[in-house]
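Colleague: Please take a close look at the place where the two chains meet, and describe it in detail.

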2 protein chains.
Amino acid sequence: MDNLLIIGGSDAGISAALRAREVAPSCRVTVMLADDYPNYSICGLPFFLSGEIPDWRALAHRTREELLSQGIRLLPNHKATAVRPENKSVVVSSSSREKTLSYDRLILATGAASRKPGHIKGLNTPGVFFLRWMADSFAIAQHIERNNPTAALIIGSGYIGLEMADALTRRGLAVTLAGHSQNVLKTVDPALGRRVVAELERNNVRVVSGVGVEEIVAADGRLMAFGTGGFQAQVDLVLVATGAEPEVGLAKSGKVPLGYSGAIKVDRRMETGVPGIFAAGDCVETWHRLLEKSLYLPLGTTAHKQGRIAGENALGGHKEYAGTLGTQVLKLFDLAIARTGLNDAEARLEVFSPLTVETQCWEHKNYNPGAHQLHIRVTGDRSTGVLLGAQIVGHWQAGVAKRIDVFAAAIFHGMKVEEVEQLDLSYTPPLSNPWDPVQMSAEAWCRTAYP
Amino acid sequence: MDNLLIIGGSDAGISAALRAREVAPSCRVTVMLADDYPNYSICGLPFFLSGEIPDWRALAHRTREELLSQGIRLLPNHKATAVRPENKSVVVSSSSREKTLSYDRLILATGAASRKPGHIKGLNTPGVFFLRWMADSFAIAQHIERNNPTAALIIGSGYIGLEMADALTRRGLAVTLAGHSQNVLKTVDPALGRRVVAELERNNVRVVSGVGVEEIVAADGRLMAFGTGGFQAQVDLVLVATGAEPEVGLAKSGKVPLGYSGAIKVDRRMETGVPGIFAAGDCVETWHRLLEKSLYLPLGTTAHKQGRIAGENALGGHKEYAGTLGTQVLKLFDLAIARTGLNDAEARLEVFSPLTVETQCWEHKNYNPGAHQLHIRVTGDRSTGVLLGAQIVGHWQAGVAKRIDVFAAAIFHGMKVEEVEQLDLSYTPPLSNPWDPVQMSAEAWCRTAYP
């Protein structure tokens, strides 16, 4: 096993390559990628499009030279079209030629593609965009520069939709955000989703919920969008941000088994059902630490972790992925919105009897200047007392993200909600309270659960 | 046990009283305190003296009315002078009278006193201050207002010394900070202590290390301080901040056993060696979760936790204190300095074979505007791989305190350093990295430990 081939040059693929070179410096590690942008931070694309990051080159986690200096062979602009496990090879189309690459071990890190909702007509109309890869962002940037659009419609109120609502507002566009769901940002409970809507509206984003956009047509040099309930909007740019689907064409070609979600099925060593073929990142089903089952939950942090494990195990290692908790944070104008574990609705769908309690408290001693309020929702299991999840909304400089991380560390270890108060957390009046808001909200949960 | 008497009205005492009323609403709970300021945040005093908190009344965690509404009886300006366990009573001097109060259960929450170094002459000179209680801060505030001092000497470079160097600088005084130790802020390793010195000097604080102040004398309406190595300073205010000593006079009067450190010895239920007498906060020896032994480590967060446990157990509960990790954070001008667990020197004194690795990294993706650098030191045990401690220095808005809390949660659960990379922490480019700095520094430790 001295010839490792990795398909995909984003977070999972490059993490795998770097780790492989670390554990086996003599191994030949080749990363094949469909575009020309290895190791770029696609999570950073909204911040490039907002103008906050002026140069897209800054999005590279590492330069091409740094990757090469780690002994990684790069094959950019190489699109793999089929995997043939029976003779350990991959069919590749590069420019016009077709060729075959052999491997001893293979890692599929093909990522995900933007979902293209079949019920929306006119998705191919010029001015309608998706956002996943570098090329998508270049197309949007070019459209903005050339056509100087003044109004945008964003379809979908998940992470990318919200980040782009912020980004395009910063670029001076009037933004309408239309979502199919009644709730904006379904990853948090509706009570916090309403705070997200308030922040959007405070920044002049028009938020339209419970609307299915049905058609987009070009008219008079602009775009008209029509949807359910009489929805219509005249804009100059449409971004469709309705989620991601795992890229599994290649896996299918090699009869690599998929899971119930349609993503590649892997064990906790990140090995697929075909021995010697590993997979990681947005193309796989991810082990959930709390639910103790796999589901499709593509996240950049997860891709990095899984890639590293796949890289190690492909070369003979025995590392196990500890599992995701779906920890996420989003910055939206002046807010940060974070979550970990399960929210109330998610917990209800599982075998838990969840109780969710919301607490409003000061981020630090409110006698100190500059204190912000945090809104924290703690979800615990009524019968076992186990901490299932937490969500926080507050000012982006009020420690929202790192407080979610404290909850994430607590859930990782299976803590009960009432045990959280025993954590020895830091305190000084300008930065916290003697009981950190993490602990105040856990205590509030206990007061409700055990009155 | 329907008559609970608590001596001390600061963090531990009030926490105990509130918890007692929670678990046994019919219980008579009396809090006796030596001064007139129940439930004030003495951690906030430097921020009152700096002028950042204009009104000292804002330092109250709760008003007197809120405490009374919880059914707590308050006896302010009552100084307990002796405990008589043999007949379950406490001798009290209030104004001129002496009286006796009986109890069924007693909680000692007498706190600590400023250490008065015997080797310094002239500590009673007008203009020389200590800082522990409200009265101390009023005296300093009055001195500043009346005498308009222009220069101050602070003796001691621990938490209070540093916070007061910041505070008095903000008030326009020229500050000299003189410490006996070669290192400023001994709670962190010297490498980070040097960054603390740089921040002090950047803010025009004169830092003098390795100096023992020997004498303070009044001269020409000012104060002259003299010390080892020819040290001298002419100032208008001296603050002696050389640490705290547990207030154990009352415990001694009742033959309540002390530990080796001189503080009250308690078990993990916060009960002393005298059945029915509990103790909590700055007057007790505290169970250290990592060291699995008790030591004197007075902290506000600990006092709150221990008080709550003492209040519950005094009324028949069976709660155990989970232990301290010595987690602390300090804001100093633009820096936050935080630590948890053991630093390198502390670990060396114990049965560990510590390795400490320092990492410098960006707090969030450095392509994003406003990124700050963090300096993180991770201490782990070479033989077991267990995480022993972490220290972070960085901009106070760069998530220093909450990142220490992630480390604190990891140490709480006995994680190995290499397991930290598996924590599912939050990420968005403006707020972190795909591997949070917590994980980057843990990985750097592993690369050094397992090359």
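Modeller: In this predicted model, A:K402 is joined to B:D436 by a salt bridge whose closest N and O atoms lie 2.6 Å apart; the term requires a side-chain nitrogen of Lys or Arg within 4 Å of a carboxyl oxygen of Asp or Glu. The interface of chain A and chain B holds 6 salt bridges by this rule. Between chain A and chain B, 20 residue pairs are in polar contact, both residues at pLDDT 80 or more (N or O atoms within 3.5 Å, one able to donate a hydrogen and the other to accept it).

On the side of chain A that touches chain B, α8 (300–314), β21 (328–332), α10 (400–412) and α11 (437–449) of chain A each supply at least two residues (helices are DSSP runs of H or I, at least four residues, and strands of E, at least two). The most comes from α10(A), which gives 9 residues to that side. By class, the residues that chain A presents to chain B are 29 nonpolar, 18 polar and 15 charged.

Chain A brings 62 residues to the contact and chain B brings 62 residues (heavy atoms within 4.5 Å). Together, chain A and chain B bury about 5600 Å², with 61% of this area on carbon and sulfur atoms (1.4 Å probe, summed over both).

Within chain B, B:R403, B:V406 and B:F407 of α10(B) meet B:P437, B:V438 and B:S441 of α11(B). The contact of α10(B) with α11(B) comprises 4 nonpolar, 1 polar and 1 charged residues.

Local features need pLDDT of at least 70, and side-chain atom pairs pLDDT 80 or more, whereas interface totals use all residues. Residues are numbered from 1 along each chain, and chains are lettered from A in the order written.

Terms used. Heavy atoms only, no water. Nonpolar A, V, L, I, M, F, W, Y, C, P; charged D, E, K, R; others polar. Buried area = accessible area lost by both parts, 1.4 Å probe. Polar contact = N/O pair within 3.5 Å; in protein donor to acceptor, adjacent residues only side chain to side chain.
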